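Hello,

Here is the structure we talked about. Please open it first, then read my notes below.

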Amino acid sequence: MGSGSWFCFCPLAFKAAVLIQRWYRRYVARLEMRRRCTWRIFQSIEYACEQDQIKLHNFFSYLMDHFTPSSSKERDFISRMFISGESFKEAELEKYCDYESMEVPDSYTGPHLSFPLLPDHATALLEAFKQKQQLHARYVLNLLHETRKHLKQLPNISHVSTCYSEEVTVCGDLHGQLDDLFLIFYKNGLPSPSKSYVFNGDFVDRGKQSLEILIILFTFLLIYPKEVHLNRGNHEDHMVNLRYGFAKEVMQKYKVHGKKILKMIQNVFCWLPLATLIDQKVLIIHGGVSDTTDLDMLEKIQRNKFISVLRGKKRKESNRNVEIQEVNGESNAEADPTGNEATPSLPSQPRPAQAPSMANRLEFSRWVRQTVQEQIEWCRRLVDISESEDEELTYSSMVSLADLDGELFQSFQILDILWSDPMPQEGCRENTVRGGGCYFGPDVTGKILEKYNLQFLIRSHECKQEGYEFCHNRKVLTIFSASNYYEIGSNRGAYVKLGPDLVPHFVQYQANKTAHTLTMTQRISRVEESAFRALREKLFAHTSALISAFKAYDKDNTGRITLSNWATAVESVLHLGLPWRMLRPQLVRTTADGMLEYKSWLDDLAMEQRSQEHIQSSLLEVIYRNRSNLETIFRIIDRDHSGLISFEEFHQTWKLFSSHMNIELTDDGINDLVRSIDFNKDGNIDFNEFLEAFRLVKQTHQIPADCPQKTTSIVKTNIVTATYISVIL
């Protein structure tokens, strides 16, 4: 072809190239829009579940805060179940962890551990877990015992230097996904004197191999105590583990000794350090910071006292009697048992005003400062400290003198660093999406960095599509190491390596082989399908509430509403903050006149769930909406993790409910109730009986006229109790 022909066809080729480019850009933009919508669905559902968890534990804390035991026996039982049941004294824990009395049978083919541990032990464990073998309970308890002894010697903030190793590798959330940990070690190498690691919390829950991850991490921690560092995450919390699967996993894998293992893990978790500092320049914390975060205070907190930051101690109130203070693990140092002042000649300790809501963090900060100043003034009068020594009395040095209010503030300090998330806006506000911690802006980050002479923060806690993400002008780095977190292909995992120059170097990966074979379109379609399936389950679980919301727009009872009203009503019920108008085509069939027949739409949702579960729709709605909360309540009551609620546990729990509801519920009435729930009459209540009783009560609001008086009493009690649970859930 001659040069003339080329010039003749050049404009046409150029136009074709422009058209292809435009088409491709639109195609990529549509895929990106679908990916972002899918991501928001997953995150909204996940955070709504976390919010439910915190509400549930706030509810139990509230019950305990307003319950007066009728006897010392009742007080001791309730205290063990809901307050101090998770903690043991040193001697008691040693006796409880009696691994030495356990014999390892000759038939056991798994790995054997002897202490002190050696690198060969770690290698043997890795290989055994790859072969799906299980470590004997004796070795698990022994490992936990040694790990606890080591952690107790560590400070709240670990210090790491790049001078002693070529680089430090920081890993984010693993969430029980053992394949991700294997891949990290394969790519980056095992921990060693020249290979330091920081694992930034959330080792457990959601995944199926949380216990194996803990065993591996604790083993390397004991072998290389100067090179392996573990931070506590918000899932290293017994109350969270009851909901998200770790407690259940342990009991399934170790049916005989699972209770002891869980108890030891619970105690080990509360000894995990809260943060790590690399070269005094890079702060690693699991969640984030707030405008009240104080690293000096964090270094002084007795971290083991906070077994669960979701259940921190409550403030003492002026009208609280001594008995309630004892139930909550409190004591009145100024009063003797008769209620008289023990030291009347001394100035009385000031009673702080009621703490304001954490929603207004500025107001809360002022309250803390005022409370502490009052305590300082009281101590100054007590020991006759001169005004010239004001500068020596800082908050962090006086926090113990504030006693319970100091503990309250300490609890919020830990809650913030474990649960918080960054936001692009300035300021600091309550994290209403998760229900705990705060949202912190770039100004809050800047102040923390300036105050402590830091370069940047590394945190985890949030799943990111690429496994990592910078924000706040690259001063906050989120690292997330669990790949395929929501669904196969949903996200990459990543870890970050820091050398002496502290410049981050990232390594990304996909632990699942299937994810590597999928095209971008296939991957997005697969993840999108999973997200919308979860969303339809969420919609179906709120069928009753949705019908009520739709009828508010359907004044003439036509069974039809506009699609705009549909979107508004759905958000008013689910509160997920999703772009419902954008999601509508995936959830609702297109109609010619722009109207939706909502009853048939809800019937289609019910049909889809029924085809999967083969259960009656009315029961399914209750299960989908309440199962997680009910299972968590069940596990809280089932203090010994036996999978069964004893009559006494049930009896005392329902006395809590009835006391708060201000209804007369006799012991005989509670006994009748518990016997009615025990369908198989074995003297205990399992979860299926618990769930079935809740379902029956939901359907028994109409009491038959010919119902015997005793049965009527049981049904009424059931209805009152279940209705109350429905309200708090």
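Is Tyr139 buried or exposed? Tyr139 is buried, at a relative accessible area of 9%; the cut-off for buried is under 20%. Keep in mind that this is a predicted model.

Aromatic pairs

The whole structure holds 16 aromatic pairs. One of them joins Tyr108 and Tyr139: the ring centres lie 6.3 Å apart and the planes meet at 45 degrees, so this pair is tilted. The two residues are 31 residues apart, with Tyr108 in the loop between helix 3 and helix 4 and Tyr139 in helix 5. Tyr108 is buried as well, at 13%.

Tyr468 and Phe506 make a stacked pair, 3.8 Å centre to centre with 5 degrees between the planes. That pair links strand 11, which holds Tyr468, to strand 14, which holds Phe506. Tyr468 is partly exposed at 27% relative accessibility. Phe506 is partly exposed too, at 26%.

There is also one aromatic cluster, formed by Trp39, Phe42, Phe480, Tyr485 and Tyr486.

Charges over rings

The charged end of Lys130 sits over the Phe182 ring, 5.3 Å from its centre. Arg474 does likewise with Phe470, at 3.9 Å.

Helix 4

Helix 4 covers residues 119-130. Its 12 residues should span 16 Å at 1.5 Å a residue, and the end C-alpha atoms are 17 Å apart, which agrees. Its buried residues are His121, Ala122, Leu125, Leu126, Ala128 and Phe129. Lys132 follows helix 4 and has a positive phi, near 65 degrees.

Best wishes

Key: Residues numbered from 1 in each chain as written. Predicted model: local features only at pLDDT ≥ 70, side-chain atom pairs only at ≥ 80, totals over all residues. Heavy atoms only, no water. Helix = DSSP H or I, 4+ residues; strand = E, 2+ residues; numbered from the N terminus. Expected span 1.5 Å × (residues − 1). Buried < 20%, exposed > 50% of the residue type's maximum accessible area, 1.4 Å probe, protein only. Phe/Tyr/Trp six-rings, centres within 6.5 Å; stacked < 30°, edge-to-face > 60°. Lys NZ or Arg CZ within 6 Å of the ring centre and 35° of its normal.
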